[in-house]
Amino acid sequence: MLLFSLRRLNLLLFTILLLTLLSFSLSYLFPGDPLINITGRVLATPEQLEVLRQQYAFDQSVIEQYWSYLVHIANGDLGVSMSSHIAISTEVLSVMPATIELTITALIIAMFFGVPIGFIAAIKHKKTTDNIILAVAMLGYSIPVFWLGLLAILVFSIQLGWLPSAGQISLLYEIKYVTGIQLFDIMLSDSEYKWQAFQDASSHIILPACVIALAPATIFVRIARTAMMEVLESSYIRAANSKGLTFKQIIYRHAIRNASVKVVRHIGLQFANLVTIAMVTEMIFNWPGIGRWLIESIYQRDYTAIQGGLLILSSFIFIVHIITDFIYAALNPIARDTHYGS
Amino acid sequence: MKSDGDKVRKYLQYGLTGIAMVMGLSACGDNNDLSLSQNSIVYCSEGSPESFNPQTITSGTTIDATTNQLYDRLISFNPNDNSIAPGIAKSWHVTRDGKMITFYLRKDVHFHQTEYFTPTRTLNADDVIFSFNRILDTEHFYYPVSGGQYPFFQSVEFDQVVEQIEKINDYTIRFKLNHSDSSFLSNLATDFAVILSKEYAQKLALENHKRNIDIYPIGTGPYKLKEYHAGSLIRFYPHDKYWQGQVAIKQLIFDITPSNTGRLTKLLTNECDVIAYPIAHKKIGERSDLILEAETSFNIGYLGFNTQKPPFDNVLVRKAVAHAINKQAILDAVYFGQADIAKSIIPKASWAYDDSISDQEYSIPWAKSLLVQAGYKNGFTMDIWAMPVQRAYNPNALTMAKLIQVDLQKIGITANIVSYEWATFLRRVAQGEHQSVLLGWSADHPDPDNFFTPLLSCSSTITGSNRAFWCNQKFDELIQAALATNNINQRKKYYAKALAIVAEEVPLFPIAHSKRYQARNNRVKGKILNSFGGINFSKVSKK
């Protein structure tokens with residue numbers, strides 16, 4: 001386990017170093033003065049720029065510049081946004097929780113529907129049910145998310161009027177920012193309209209979360225189906241069968257539990273996919289998360305924000321991967337012997 | 001002991017019940033929701049304000065978010081007939097020579113009490129004098145705050161007009177003018193001439209936060225600012241001591257939604273009660289719970305002829321072109337029917353509008369005969385300069401130019417369409433390089449002088465806003481005479497004569513007065529959109 005941990009941490013370190021290198025080189029690749037790109041201080045006076053030049057070692061070689069950039073990152077300083085002039089780290093911290101709230105809700109929805117449906121498909125292997133599930137899963141996986149999002153707004157918001165089309169909560173409710181995760185913040189607030197606000201916020205999250213959940217859910221269907229089929233063909237199931245256990249007993253007592261372990265691993269791997277889909281969805285549903293923030297930074301040519309945002313987002317996804325790897329390894333001793341990270 | 005199968009089934013049951021509960025809750029949300037949303041109005045606006053002080057800006061988006069919501073003016077425009085109505089000044093008196101104007105202030109005007117300021121006194125003459133001296137006096141301690149730019153007041157040369165502002169007593173002030181100016185009262189009634197709190201300004205100066213006066217506003221208007229997040233929302237609370245009585249709602253929210261389709265969606269899903277500049281008018285019309293409103297704005301879109309250059313130095317040619325253009329077709333294709341036909345430069349809502357002036361009739365034979373009279377039997381080739389940007393008074397100049405091109409072809413005139421990048425375009429047009437140009441004008445206040453002087457006076461041929469380069473002594477005398485008197489009937493007569501000259505000389509071909517649109521849910525009552533100036537939420541209520 002120690003070797004495994006070291007190997008993973010090593011991987012983490014080098015990947016993040018590479019990411020910072022990429023992010024640093026972006027300030028040279030973007031148009032404009034690299035020093036302004038890296039700091040975002042578009043309003044700085046010549047004197048202030050001179051101070052910054054020294055701080056970022058821009059009067060020295062590129063290697064030293066990169067090193068001082070790393071030192072700034074290590075201190076949590078990613079520069080300021082070119083458009084709002086607020087520190088990038090502050091901005092990211094204020095939008096990140098909304099994305100986490102949305103993706104986790106979507107992940108729960110995807111698992112809740114995807115995994116059981118996959119199990120059913122495996123149990124009904126090569127029957128009509130299996131075929132229908134596979135066909136629908138394929139269809140669901142191929143639908144582009146921006147189209148699905150617009151369609152969902154058209155049907156559920158405009159035609160049926162069931163769910164709101166934009167935002168995290170109706171602007172009428174004043175919820176104080178504590179954790180940034182809206183549903184928690186509502187619970188913590190002392191607003192007299194707390195309960196209404198909670199309902200309003202949950203109705204706001206349903207549509208975007210379901211849109212994000214569709215693609216991962218279809219993947220879960222296929223993973224769960226394969227896992228269950230493998231388990232059902234294994235010798236201990238056959239043994240249980242020959243001992244005379246009923247089909248129900250075999251499925252509920254042995255098959256589901258063993259198949260579930262195999263699914264867990266893939267949940268972490270789906271996270272990167274989920275965040276990508278969430279970025280587009282946030283734009284469509286006007287969700288105040290990091291995806292929308294990043295895309296708007298691109299519109300505004302806010303290079304410092306693009307740089308910092310990409311660095312934080314990719315590191316975040318990578319860290320989640322490593323954590324799920326650890327969890328999986330803790331659950332499943334065989335995985336610890338795998339030599340190469342996947 | 002229960003079997004695992006039972007357990008799984010149990011979990012499934014719990015899960016499903018949970019989902020059913022959340023669904024149920026959001027479905028029945030409508031009933032409980034009434035208390036808050038019934039008392040609040042969400043307005044979907046098209047952009048973020050640049051400042052919270054209308055003195056320092058000219059943008060319509062900022063005016064909409066500030067003037068009528070946060071502030072009051074000495075006097076204002078009556079929304080029904082655009083005459084001047086009392087505001088903070090309950091009455092006023094103009095001396096016979098028009099050079100001294102005395103305002104008598106109300107004594108019951110309270111400033112906002114907010115988290116950042118608690119007023120200790122009501123409004124008095126000091127506040128009014130402070131507000132105007134900030135603009136007029138370059139030595140004033142607040143003049144340079146926020147860049148020292150007061151674009152509206154600078155454009156009307158306010159400092160040239162006002163000699164001095166005097167405090168007679170706590171509730172009486174007197175403006176001394178250098179010369180009589182009948183548009184002076186109109187200038188004071190514009191959305192820009194708001195009254196700030198001197199007490200607040202002094203407090204900020206002590207704290208060395210002078211800039212905050214334009215960021216955290218304190219006014220006397222029907223609403224006070226609660227919070228503002230750029231690009232996201234503005235939250236207003238009612239001003240409980242508003243001198244016209246507290247408003248009927250508990251919250252006013254500006255939901256900043258720059259996307260046209262985003263605003264439409266929010267209107268259709270009832271997330272917004274009122275939206276600015278709606279698209280898809282037909283779709284809104286189909287819904288029985290939505291209302292589409294239109295108000296003719298004080299603007300004019302026109303085709304200007306360069307009267308200094310051949311062939312348009314000949315009035316017959318100008319008339320021929322005017323008769324050859326199908327105005328109705330332009331209104332349908334470019335404004336989608338969302339505008340009024342312009343017969344003169346003055347819109348119908350203005351008191352200077354003259355019914356007796358008729359439209360140039362669309363008639364090809366007539367145009368042809370005029371062209372023959374002018375000596376262009378075989379037509380000629382000309383340029384039409386089309387502005388490259390979209391404006392309320394001309395949503396698509398290029399399409400308009402193409403329509404005119406086709407119309408002119410019928411009388412043998414070949415027109416080439418010319419367009420440059422906006423800044424270059426304006427510079428070249430100001431230099432008179434064009435033969436004819438599609439442009440427009442939005443008035444700053446309803447006084448008709450704001451159309452006559454900038455568009456067609458001799459002096460504005462030099463400053464560059466008279467793009468026809470048309471200078472007529474008789475016309476100039478008439479509009480000067482109209483400015484020198486305060487008698488409205490007298491002014492009307494002068495302006496009617498001036499309009500008759502314009503109709504005879506055709507220095508420009510008026511096309512349309514476009515409308516401003518707004519859509520709302522029918523639960524929202526009360527007038528919001530006025531034919532002039534920013535929107536006003538002081539009279540709204542919700543059913």
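Q: In chain B, which order do the four strands of the open sheet follow, and is the pairing parallel or antiparallel?
A: The model is predicted, and in it the four strands of this open sheet are arranged as β4-β5-β7-β6 in chain B, with antiparallel pairing. Two strands count as paired if DSSP finds at least two bridges between them.

Q: What makes β4 and β6 of chain B edge strands?
A: Each of β4 (89–94) and β6 (162–169) of chain B has a single partner strand, so one side of each has no neighbour in the sheet. On average, neighbouring strands of this sheet are turned by 20 degrees against each other, direction ignored.

Q: How do you know that β6(B) and β7(B) pair?
A: Six bridges in the antiparallel sense join β6(B) to strand β7 (residues 172–177) of chain B.

Q: Why is strand β13 of chain B described as largely enclosed?
A: Seven of the seven residues of β13 (residues 299–305) of chain B are buried, so this strand is largely enclosed by the rest of the structure. A residue is called buried if 20 or more other C-beta atoms lie within 10 Å of its own. Both faces of β13(B) are covered: one side carries B:Asn299, B:Gly301, B:Leu303 and B:Phe305, and the other B:Ile300, B:Tyr302 and B:Gly304, all of them buried.

Q: Which strands pair with β13(B), and over how many bridges?
A: Strand β17 (residues 436–442) of chain B pairs with β13(B) in the antiparallel sense over seven bridges, and B:Gly304 has B:Val437 in β17(B) as its bridge partner. Strand β18 (residues 508–521) of chain B also runs antiparallel to β13(B), joined by four bridges, and there the bridge partner of B:Tyr302 is B:Pro510.

Q: What makes β10 of chain B a mostly covered strand?
A: Five of the six residues of β10 (residues 251–256) of chain B are buried, and on that count the strand is mostly covered.

Q: In which sense, parallel or antiparallel, does β10(B) pair with β1(B) and with β9(B)?
A: With strand β1 (residues 40–45) of chain B, β10(B) pairs in the parallel sense over six bridges, and B:Cys44 stands opposite B:Asp255. With strand β9 (residues 233–238) of chain B, the pairing of β10(B) is antiparallel over four bridges, and B:Ile234 has B:Phe254 as its bridge partner.

Q: How many helices and strands does each chain contain?
A: Chain A has 13 helices and zero strands, whereas chain B has 18 helices and 20 strands.

Q: What is the angle at which α5 and α9 of chain A pack, and is their crossing left-handed or right-handed?
A: Helix α5 (residues 88–123) and helix α9 (residues 194–233) of chain A pack at about 35 degrees, with axes 5 Å apart. The crossing of α5(A) and α9(A) is right-handed. The residues of this contact comprise 28 nonpolar, five polar and two charged.

Q: How do you know that the span of α13 in chain A is close to the expected one?
A: Helix α13 (residues 303–331) of chain A has 29 residues and reaches 42 Å from its first C-alpha to its last, against the 42 Å expected at 1.5 Å a residue.

Q: Which elements are included in the cover of the buried residues of α13(A)?
A: The cover includes α1 (2–29), α2 (34–39), α5, α11 (247–285) and α12 (290–299) of chain A. Among the buried residues of α13(A) are A:Tyr303, A:Ile306, A:Leu313, A:His321 and A:Asp325.

Q: What share of each chain is buried?
A: Of the 342 residues of chain A, 39% are buried, and of the 543 residues of chain B, 42% are.

Technical notes. Residues are numbered from 1 along each chain as its sequence is written. Chains are lettered from A and ligands numbered from 1 in the order in which they are written. This is a predicted model: local features need pLDDT of at least 70, side-chain atom pairs count only at pLDDT 80 or more; totals for chains, interfaces and linings use all residues. Helices (H or I, at least four residues) and strands (E, at least two) are DSSP runs, numbered from the N terminus. A residue is buried if 20 or more other C-beta atoms lie within 10 Å of its own, exposed if 12 or fewer, and partly exposed in between; C-beta atoms are placed from the backbone. Axes are lines fitted to C-alpha atoms, for helices over the stretch in contact, and angles run from 0 to 180 degrees between N-to-C directions. A crossing is left-handed if the near helix is turned anticlockwise from the far one by less than a right angle, and right-handed if clockwise. Ala, Val, Leu, Ile, Met, Phe, Trp, Tyr, Cys and Pro count as nonpolar, Asp, Glu, Lys and Arg as charged, and the others, Gly among them, as polar. The expected span of a helix is 1.5 Å times one less than its number of residues. Two residues are in contact if their C-beta atoms, placed from the backbone, lie within 7 Å.
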